[in-house]
Amino acid sequence: MKIQILNELNNTENFVYNENFLQVISICGDNAETFSQGQFTTDIKALKREPNKVQISAWCNAKGRIIANFFIYFDSQQNKYFLILSADLIDDFILKLQKFILRSKVKLNKENNIFPLIKITDENTLILNLFDSKNSKNSNNSNNSNNFFSRDITNIRKFFFQNGFLLITKNLIELFTPQMINFENFNGICYTKGCYSGQEVIARTHYLQKGQAKRGLVVFSFDIPKHIDNQTPNIPNNILNENSEVIGEVADVFIDENALYFMAVIKLTYDENDNILPLQTLYINNQIFYIETQKNYVL
């Protein structure tokens, strides 16, 4: 999944902004880099070495379970890190992260006047722009973001599913480790930078599983007419096999005109050649789902 940051917004066409989908937090202060490096899963210092780079990163608890994942970008002009994450996590994220600042010279701010704009290009690239509603040329009207930007996130959500990217939302907090949602696919874990929250568990999992993940993120699609009653399951929700054994959890659901898609974290089984064995049916809430296709995003 390619990601680009667009610093100048000359054309708002095809950009999406929905305040219920993504929002922005900034981290600044003399110790912002050191603090972030000690909390998040990626090499935050690399953001200053590589201008306009966007990372996909995460903040985990001590057990290595993800509290939030996000896009993170360093703005050299403002000397701030900007985090773009699920809107329903913003307030809790700030409240929890604030407790770890202690005497560090770090400030966390909810950026209510910055709109995270997002669009998908024909080259399958995700473009981000942080639209400052106070300082933009259109500031006279920008208080109503609907004047400029579509609110329809359908294509963005479909892009996430196509690329196997699970955005952690409030009901998924602390359920999965980064490896369970295939975070390595997005360079979302740095194993060489030293300590950070949850690092010991995450590193041990990486070196012990030796290329065979026990659980991983898989995207399933189902032809809607063959789906029993067209009802989507709650999230998260257990997935059972034909023996009524729990094999995973539904993490996200998406529906388009033709199909129902599940993003699920499931137990993985392998054949003698280390190939992951596919599933034929799933049982969720006593409903049978006959799998049309499944795409595995495990490295």
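I take buried to mean under 20% relative accessible area, exposed over 50% and partly exposed in between, with a 1.4 Å probe and protein chains only. This is a predicted model, so I kept local features to pLDDT of at least 70 and side-chain atom pairs to pLDDT 80 or more, while totals for chains, interfaces and linings use all residues. I number residues from 1 along each chain as its sequence is written, and side-chain values use heavy atoms, without hydrogens and water.

**Aromatic pairs.** I searched the whole structure and got 16 aromatic pairs. Rings of Phe, Tyr and Trp (its six-membered ring) pair if their centres lie within 6.5 Å; planes under 30 degrees apart are stacked, over 60 edge-to-face, the rest tilted.

I looked up Phe-131 and Phe-149. They pair edge-to-face, 5.1 Å centre to centre, with 80° between the planes. Phe-131 sits in strand E8 (residues 125-132) and Phe-149 in the loop between E8 and helix H4 (154-162), so the pair ties together parts 18 residues apart in sequence. Helices (H or I, at least four residues) and strands (E, at least two) are DSSP runs, numbered from the N terminus. Both Phe-131 and Phe-149 are buried.

Next I took Phe-160 and Phe-165. This pair is edge-to-face, at 4.9 Å centre to centre and 75° between the planes. Phe-160 and Phe-165 are both buried.

**Positive phi.** Asn-52 has phi near 70°, positive in a non-glycine residue. I find Asn-52 in the loop between helix H2 (46-49) and strand E3 (54-60). Its relative accessibility is 41%, so Asn-52 counts as partly exposed.

Ser-244 also has a positive phi, near 65°. Ser-244 lies between strands E10 (237-240) and E11 (246-255), in the loop. At 56% relative accessibility, Ser-244 is exposed.
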